[in-house]
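Subject: Structure handover

Hello,

Here is the structure for your files. My notes on it follow below.

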Amino acid sequence: MALTLADVHRIAHLARIEIDAAAADEVHSKLLAIFAMINELQAVDTTGIVPMAHAQDVMLPLRDDVVTAQDQRALYQGVAPAVDGGLYLVPRVVE
Amino acid sequence: MAEPITATVAGQVAALRARKISSVELTGTLLDRIEAAQPVLNAFVTIDRDGALAQARAADAALAAGNAPPLAGVPIAHKDVLMTAGLRTTCSSRMLSNFTAPYDAHVVAGLKDAGTVLVGKTNMDEFAMGSSNETSFFGPVRNPWNVDYVPGGSSGGSAAAVAARLVPAATGTDTGGSIRQPASLTGICGLKPTYGVCSRYGLIAFASSLDTPGMFARTAEDCGLLLNAMAGHDPRDSTSLERPREDFTRDLALPLAGLRIGLPREYFGDGIDPDVAAAIEAALAEYRKLGATTVDVALPNVKLSVPVYYVIAPAEASSNLSRFDGVRYGHRAEVYGDLLDMYKKSRAEGFGAEVKRRILTGTYVLSHGYYDAYYLKAQQVRRLIADDFTRAYQQCDMIMGPTAPAPAFRIGDKTDDPVQMYLNDIFTIAANLTGAPAISIPAGFDRRGLPIGMQIQSNYFTEARLLNVAHRFQQATDWHLRAPVMCREATS
């Protein structure tokens, strides 16, 4: 399961982070060391162990299906990089 | 008038109510000290003099009117991962370097309602990812005990500010030790409450199943005073627990006779700095004098905490940090082509190296074909670790040991070796995986004069007892009264 340089480029694409060849080499060597440490887990017998996703085994609470949110568009769009007429502006995605 | 300036939270509350000092005077003096210390310690990202003095005037008015809330007029600081309405909230990242929060975090609102005065936002490891405060976009924080050394992380700015007597208390967040380890390295108290006791609403998410708001102060009593204002159910966080309100300081004075302290052999093995080991032994001797007994307990899986954490936390981080795409908030690259290119360049520019490493680690362990081998496996071992603690608490009330394997290290010593950096959290991570509370308290100094912390862990929802156990130790010792040289000069 050794992580390859090609894996680094693949996961950088999945994570939407631009990475050049030099940076990929550097990240690759660091991730190899990190995964060498992580791979200690593979030696543990976990047959039949129920995964623990959360600190408390509680059911997520439900609330009534009613509108509670207030319109805060202007407040929230006040921190956006580019907006116009209440819309977030991004490069054209439909030709 | 020097005394209230460097008093504890409880001391400042008393001084303010006795009108020995006004909040405006107290806040103004501490702001002067914060600004003077900033070029040395770099503990703050944002200092809000005008806002703080306005809050102080309001506190003074409430104190004069006799309707002041419990912590009225006490100046505090918030870690810059907690949203503060109208005040810049950066997570010490370029990504959010110009972000002004639209609302208050739940714990920020709670402390505001309790009357505290917010002096500013403290520096931290970028997105709380680090154990030395060296990954901050705004530069490293320095340890007040020796400025060539790290204060720990990720809440290093809050820890340094409290240790340097710039504020009597500050908030932090703890995902793998980010409150307790810096508390240990700077000689103060740092409490991580039970997961779910303090709402995560408005805490900018790193690893949602582990992130826990908490606080730094010099005494366990002060931690309880802050926790009283921070705890409570919040429907805006689906993991916030509905529990009866409690006064976390109610048991401070209880005697310790009959207390059973569990000592995991895993916490006292190889790799512990000898000065740390000696300090912890001395602290345990003090507890025996106070009437406690010690019993050996076994936590055989706790050594796997670090690898489990470095699967689960990056996996959750890679998901949480996907929201930073340069569209709705945060950094957007100046030059880009199509939408995908805009995402990639904005994120490449906005995140630092450690944050990118963790996002990539998390993306990998969640990617097709690897999920079972890494993420599911880590969640299973997380269960084994939690089961170890359940068994241990059948034999004891508290578990004690060092907070960190060694005192503070020099700035730059571990930046090239992430695995060595990660191992700093070997004793703290388990409490995040289980969700149980834990505190670090001052327990001595090494031969170089750097602080040593002892970690006390206890079972779910036992914060009041945990603070009692810490408080009684502080009544019998004076480690928490020692101040760094820079403070002694400033207060003389």
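What percentage of the 95 residues of chain A count as buried? The share is 14%, where buried stands for 20 or more other C-beta atoms within 10 Å of a residue's own, exposed for 12 or fewer and partly exposed for in between, with C-beta atoms placed from the backbone.

This is a predicted model, in which local features need pLDDT of at least 70 and side-chain atom pairs count only at pLDDT 80 or more, while totals for chains, interfaces and linings use all residues. Residues are numbered from 1 along each chain as its sequence is written, and chains are lettered from A and ligands numbered from 1 in the order in which they are written.

Chain A
Chain A has 3 helices and 2 strands, in the order α-α-α-β-β from the N terminus; helices (H or I, at least four residues) and strands (E, at least two) are DSSP runs, numbered from the N terminus. Chain A is more spread out than a compact globule, because its radius of gyration is 22 Å, well over the 12 Å that the globule rule gives for 95 residues. That radius is taken over C-alpha atoms, and the rule is 2.2 Å times the number of residues to the power 0.38. The C-alpha atoms of chain A fill a box of roughly 55 × 45 × 25 Å along the principal axes.

The interface
The contact takes 42 residues from chain A and 53 residues from chain B, two residues being in contact if their C-beta atoms, placed from the backbone, lie within 7 Å. On the side of chain B that touches chain A, H13(B) gives the most, with 12 residues.

Helix H2 (residues 21-38) of chain A packs against helix H10 (residues 305-320) of chain B at an angle of about 125°, with the axes 8 Å apart. Axes are lines fitted to C-alpha atoms, for helices over the stretch in contact, and angles run from 0 to 180 degrees between N-to-C directions. H2(A) and H10(B) are therefore oblique to each other (under 35 degrees is roughly parallel, over 145 roughly antiparallel, 65 to 115 roughly perpendicular, the rest oblique). A:Ile34, A:Met37 and A:Ile38 meet B:Val306, B:Pro307, B:Tyr310 and B:Val311 there.

A loop residue in chain B
B:Ala408 sits in the loop between strand E9 (398-402) and helix H14 (418-422) of chain B. B:Ala408 counts as buried because it has 27 C-beta neighbours inside 10 Å. Beyond four places in sequence, its contacts include B:Asn143, B:Tyr149 and B:Leu450.

Regards
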